[in-house]
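Welcome, and thanks for taking a look at this one with us. Please open the sequence and the model side by side before reading on.

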Amino acid sequence: MKKVSKILILFAIALTFFGCNKKNNENVQNTDENSSQKTASAIELEEMPIDNFDFHTIDIVDGKVIKSEDFYKEKPITLVNIWGTFCGPCKEEMPDLAKLYEKYKDKINFLGVVVDTNANMDTNVEEAKKIIKDSGVNYINIMPNPTTEDNLVNITAIPTTFFVNSEGKILGGFVGKFEKEKLEKTLDKLIDENK
């Protein structure tokens with residue numbers, strides 16, 4: 001329990017410096033013409049500070065146990081969105097994520113990770129549930145617990161979105177609020193590449 005509290009405190013400090021205060025970039029940081037032509041139809045995926053994101057925790061809404069090894073196998077790609085109840089850009093992008101989920105739910109898994117909640121405590125759970133409901137989100141959102149701690153300390157800003165294949169390997173992602181149209185093109189590209 002103390003370890004979880006320390007992790008949450010460190011994460012909160014990191015977010016104070018790097019998180020929601022970051023300006024929303026265009027999520028395309030490569031200005032080289034050749035590479036931007038290759039990715040003009042999608043978001044340039046960045047390497048993430050973690051290789052795998054494993055979890056064995058509970059769904060924040062209904063309390064069901066969710067395991068990464070089962071969840072990832074359901075579809076060829078899983079979109080993982082790391083967010084917090086205190087983060088304005090996180091909440092702003094959630095209605096768009098909800099719409100994209102409805103469009104792609106037969107082809108892609110969607111997973112939210114609410115970093116400032118905790119499966120071992122009742123921290124911000126009701127607030128997170130309200131945000132999820134008000135945003136129209138129908139995909140699973142999980143709470144961090146000891147199985148996610150080691151990975152989450154390496155995520156230094158939110159929102160962070162990354163993509164995981166069916167074997168649990170992270171393919172890449174991006175930091176910051178996205179543009180819905182660009183994310184949609186990225187999803188189409190990832191579906192095509194991971195058939």
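What follows is a short tour, from the overall layout to a few single residues.

Please keep in mind that this is a predicted model. The chain has seven helices and seven strands, and buried residues account for 47% of its 195 residues.

**Overall layout**

- Read from the N terminus, the elements follow the order α-α-β-β-α-β-α-β-α-β-α-β-β-α.
- Take the contacts between residues at least 6 apart in sequence: 79% of them join residues at least 24 apart.

- Which strand pairs with β3 in the parallel sense? That partner is β4, and the pairing runs over seven bridges.
- Strand β6 (residues 160-165) runs antiparallel to β3, and six bridges join the two. Here T78 stands opposite V164 of β6.

**Helix α7**

- Helix α7 covers residues 180-193, which is 14 residues. The span from its first C-alpha to its last is 20 Å, close to the 20 Å expected at 1.5 Å a residue.
- Its buried residues include L183, E184, T186, L187, L190 and I191. These residues cover an arc of only 160° around the axis, which puts them on the same side of α7.
- What do the buried residues of α7 pack against? They pack against β3, α4, β4, β6 and β7 (170-175).
- K180 is also found in α7, and it counts as partly exposed because its relative accessibility is 24%.
- Beyond its neighbours within four places in sequence, K180 is in contact with D96, K99 and L100.
- The C-alpha atoms of K180 and P95 are separated by 10.0 Å, although the two residues are 85 residues apart along the chain.

**Aromatic pairs**

- A pair of aromatic rings is described by the distance of the centres and the angle of the planes.
- How many aromatic pairs does the structure hold? There are nine.
- One of them is formed by F55 and Y72: the centres are 5.8 Å apart, the planes are at 85°, and the pair is edge-to-face.
- This pair links distant parts of the chain, 17 residues apart. F55 is in the loop between α2 (33-38) and β1 (56-58), and Y72 is in the loop between α3 (68-71) and β3 (77-83). Both F55 and Y72 are buried.
- The pair of F110 and Y139 is tilted, because the ring centres are 5.7 Å apart and the planes are at 45°.
- F110 lies in strand β4 (residues 108-114) and Y139 in the loop between α5 (125-135) and β5 (140-142), so this pair ties together parts that are 29 residues apart in sequence. Both F110 and Y139 are buried.
- F53, F55, F71, Y72 and F162 form one aromatic cluster.

**Backbone details**

- Most residues other than glycine have a negative phi, and most peptide bonds are trans.
- Is the peptide bond from I158 to P159 cis or trans? The bond is cis, with omega near 0°. P159 lies in the loop between α6 (146-152) and β6.
- N124 has a positive phi of about 60° although it is not a glycine. N124 sits in the loop between β4 and α5.
- With a relative accessibility of 29%, N124 counts as partly exposed.

Conventions:
Residues are numbered from 1 along each chain as its sequence is written. This is a predicted model: local features need pLDDT of at least 70, side-chain atom pairs count only at pLDDT 80 or more; totals for chains, interfaces and linings use all residues. Side-chain values use heavy atoms; hydrogens and water are left out. Rings of Phe, Tyr and Trp (its six-membered ring) pair if their centres lie within 6.5 Å; planes under 30 degrees apart count as stacked, over 60 as edge-to-face and the rest as tilted. Helices (H or I, at least four residues) and strands (E, at least two) are DSSP runs, numbered from the N terminus. Buried means under 20% relative accessible area, exposed over 50%, partly exposed in between (1.4 Å probe, protein chains only). Two strands pair if DSSP finds at least two bridges between them. The expected span of a helix is 1.5 Å times one less than its number of residues. The arc is that of the directions from the helix axis to the C-beta atoms. Contact means heavy atoms within 4.5 Å.
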